[in-house]
Amino acid sequence: MGGRSFLADRVKTIGVSGIRRIFDLGAQLADPTDLSIGQPDFAVPANVKKAMIRAIEADRNGYTTTRGLPELRARISRQLKEEFDWEPDVFVTLGVSGGLVLAALACLNPGDEVLISDPYFVSYPHLIRLAGGVPVFVDTYDDFQLHPERFASAVTARTKMILVGSPGNPTGVVYRDEDIHALAELARKHDLLIVSDEIYNMLTYDGPSPSPVKFAPERALLLRGYGKSYALTGWRLGFAAGPADVITEMAKLHQFMYVCAPQPGQFGALEAMDTDMSAQVADYRRKRDLVCGLLDGIVDFVRPSGGFYVFPKVPSKYQNATEFIAAAIEHKFLVIPGEAFSRRDTHFRISYAAADDRIRRGCEIIRTLAK
Ligand SMILES: Cc1ncc(COP(=O)(O)O)c(C=O)c1O
């Protein structure tokens with residue numbers, strides 16, 4: 001061997017995702033109790049599947065325009081007009097991940113700071129750094145609410161963007177209306193872009209999740225996805241909506257990087273937007289109640305109001321989440337250690353997007369581990 005490394009410095013700063021590690025481990029275990037997976041366990045609605053199949057059979061398999069199918073974009077625009085009385089530029093992305101990458105690349109100069117809550121969704125710090133930006137972590141323990149005053153004191157002359165996600169991954173917490181309002185005002189005061197990752201916006205159980213779009217539409221970049229709402233994470237579809245200059249530059253990069261989102265899936269997404277998901281949402285509310293009931297008195301946790309995650313504190317007999325996860329694996333129980341989402345390693349993420357018997361089995365193992 002010997003010789004040079006072909007790898008760029010930028011990849012050396014990025015570790016393997018803590019989620020991926022558990023995922024790979026799960027693949028090696030026979031019959032694990034897996035509560036690590038961050039995707040819905042219900043089926044894609046039949047009419048949505050059929051819409052995609054029809055598109056394939058009708059030979060709608062080529063590229064679309066960069067920004068996506070005109071019919072789908074019009075449907076998204078109608079939704080945003082109805083929901084917020086908002087008429088932003090819109091384009092169809094490769095999932096919310098596609099929107100996040102492009103937002104970072106289009107908006108961040110080297111050294112620009114982005115405020116994110118800690119805990120955060122796994123990809124945020126990496127994508128910010130890849131674009132040359134600097135993630136600035138705002139601690140939101142122990143209630144995982146925003147605490148706008150903590151964000152305010154983290155603002156510097158280099159701050160360019162605030163990136164928020166509600167309902168949150170890994171916490172399932174839905175932010176308070178007044179806190180999102182305060183953050184939107186902070187963005188206005190310091191002339192910041194406020195990026196809102198609303199991938200779980202349809203999965204809320206105690207009332208809707210607030211959006212910065214309501215409070216600062218002129219500086220909001222909204223990212224939404226179809227994956228979690230309709231269980232089609234593998235179709236890689238979402239959309240971005242926001243200021244015309246930002247969307248124009250994101251779409252320009254999107255053209256060179258991806259050309260367009262997959263056409264057949266865009267027909268599926270169009271059908272999905274008129275599909276009633278209230279039964280699936282009600283079932284996930286029931287699962288939320290089930291898991292909270294089972295965990296009550298065993299571990300400390302904040303009752304989640306959206307998504308499909310709970311983020312409990314590890315029982316006090318363990319030094320940190322990594323030690324707890326090691327013990328969990330002895331029971332073939334898979335959850336994600338807090339360090340995948342945080343600078344702290346004190347909590348762990350459970351996904352209750354799973355069959356009830358698996359949720360029960362998992363909570364029983366937690367009871368055993370906490371003894
Ligand atoms: C908060 C959050 N944002 C973005 C994503 C990525 O979404 P997509 O599959 O649409 O790229 C996820 C997926 O787990 C997520 O939890």
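**Figure 1. Two domains, side by side.** The domain assignment divides the protein into domain 1 (9-44 + 277-370) and domain 2 (62-272). Bear in mind as you browse these views that the model is predicted. Taken over C-alpha atoms, the centres of domain 1 and domain 2 are 24 Å apart. Where the two meet, 32 residues of domain 1 are in contact with 32 residues of domain 2. On the domain 1 side, helix H13 (278-295) and S9 are the elements that give two or more residues. H13 supplies the largest share of that side, four residues. Sorted by class, the side of domain 1 that touches domain 2 holds 17 nonpolar, nine polar and six charged residues.

**Figure 2. The sheet that contains S9.** Here three strands form an open, antiparallel sheet in the order S9-S12-S11. Strand S9 (309-310) and strand S11 (336-337) each have a single partner strand and stand at the edges, so one side of each has no neighbour in the sheet. S9 is joined to strand S12 (residues 348-351) by two bridges, and the two run antiparallel. To find your place in this pair, look for Val310, which stands opposite Ile350 in S12.

**Figure 3. Around the ligand.** Which residues come nearest to the ligand? Of the 13 residues around the ligand, they are Gly95, Val96, Ser97, Asn169 and Gly225. Helix H5 (residues 95-107) gives the largest share of the shell, three residues. By class, the shell has three nonpolar, nine polar and one charged residues. While you are here, take a look at Asn169, which a cis peptide bond joins to Pro170, with omega about 25°. Pro170 belongs to the loop between strand S5 (159-165) and helix H8 (177-189).

**Figure 4. Inside the largest nonpolar core.** This core has 110 residues, and Ile162, Leu183 and Ile194 touch the most other members. Its largest share, eight residues, comes from H5. Domain 1 (9-44 + 277-370) and domain 2 (62-272) each contribute at least three residues to this core. For a closer look at Ile162, set aside its neighbours within four places in sequence: its contacts are then Leu115, Phe151, Leu183, Ala187, Leu192 and Ile194.

Figure 5. Five of the six residues of strand S3 (residues 113-118) are buried, which leaves the strand mostly covered. S3 pairs with strand S4 (residues 134-139) in the parallel sense over six bridges. Within this pair, Val114 stands opposite Pro135 in S4. Asp118 and Pro119 are joined by a cis peptide bond, with omega about 5°. Pro119 sits in the loop between S3 and helix H6 (123-130).

Figure 6. Eight of the 10 residues of helix H12 (residues 263-272) are buried, so the helix is largely enclosed by the rest of the structure. Among these buried residues are Phe267, Leu270 and Glu271. Their cover includes helix H3 (46-57), helix H4 (70-84), strand S2 (89-93) and helix H10 (227-230).

**Figure 7. Two aspartates with positive phi.** Asp31 has phi near 50°, a positive value in a residue other than glycine. Asp31 is in the loop between helix H2 (18-28) and strand S1 (33-34). Is Asp31 buried or exposed? Asp31 counts as exposed because it has 6 C-beta neighbours inside 10 Å. Asp59 likewise has a positive phi, near 65°. Asp59 is found in the loop between H3 and H4, and with 7 C-beta neighbours inside 10 Å it counts as exposed.

Terms used: Residues numbered from 1 in each chain as written. Predicted model: local features only at pLDDT ≥ 70, side-chain atom pairs only at ≥ 80, totals over all residues. Buried ≥ 20, exposed ≤ 12 C-beta atoms within 10 Å, placed from the backbone. Contact = placed C-beta atoms within 7 Å. Near = placed C-beta within 6 Å. Nonpolar A, V, L, I, M, F, W, Y, C, P; charged D, E, K, R; others polar. Core = buried A, V, L, I, M, F, W, Y, C linked by C-beta atoms within 7 Å. Domains from an automatic or database assignment. Pairing = 2+ DSSP bridges.
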